[in-house]
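Please look over the sequence and the 3D structure below.

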Amino acid sequence: MNKNELIEAILKNKDLNHMTKKDAANFVNTFTDTIKKAVKKGDDVSLIGFGSFTKVRRKARAGINPATGEKIKIKAKTVPKFKPGKGFKEYL
């Protein structure tokens, strides 16, 4: 499912039939932007039953270029992490 398909799925919800496509798109954009900004700031975002978004720091490490077999150094970096919640895991 991509972003447009998510917007269409939201519009199909009978309780949200008052929303326009533009309203649904604004909702999805605001939702994702708010999570990204909070995680970037260092805050954890926990949605009970769905999951948690956090920011983690990966250490520098050695790697291998798969095309050449040459050893390379992979720099340390900060990345987002999602951990599914119990309700999400059980749903699957």
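## The strand pair E2 and E5

Strand E2 (residues 51–58) pairs with E5 in the antiparallel sense, over eight bridges. Two strands pair if DSSP finds at least two bridges between them. Strands (E, at least two residues) and helices (H or I, at least four) are DSSP runs, numbered from the N terminus. Valine 56 has valine 79 in E5 as its bridge partner.

This is a predicted model: local features need pLDDT of at least 70, side-chain atom pairs count only at pLDDT 80 or more, and totals for chains, interfaces and linings use all residues. Residues are numbered from 1 along each chain as its sequence is written, and side-chain values use heavy atoms, leaving out hydrogens and water.

## The whole sheet

The open sheet has three strands in the order E1-E2-E5, with antiparallel pairing. Its edge strands are E1 (45–47) and E5 (77–84), each pairing on one side only. From one strand to the next, the twist averages 25°.

H2 packs on the sheet and touches E1 and E2. Contact means heavy atoms within 4.5 Å. The direction of H2 makes about 40° with that of E2. Axes are lines fitted to C-alpha atoms, for helices over the stretch in contact, and angles run from 0 to 180 degrees between N-to-C directions.

## The helix pair H1 and H2

The axes of H1 (residues 3–12) and H2 (residues 21–41) come within 9 Å and cross at roughly 120°. The contact is made by residues including Leu6 and Ile10 of H1, and Ala24 and Phe27 of H2.
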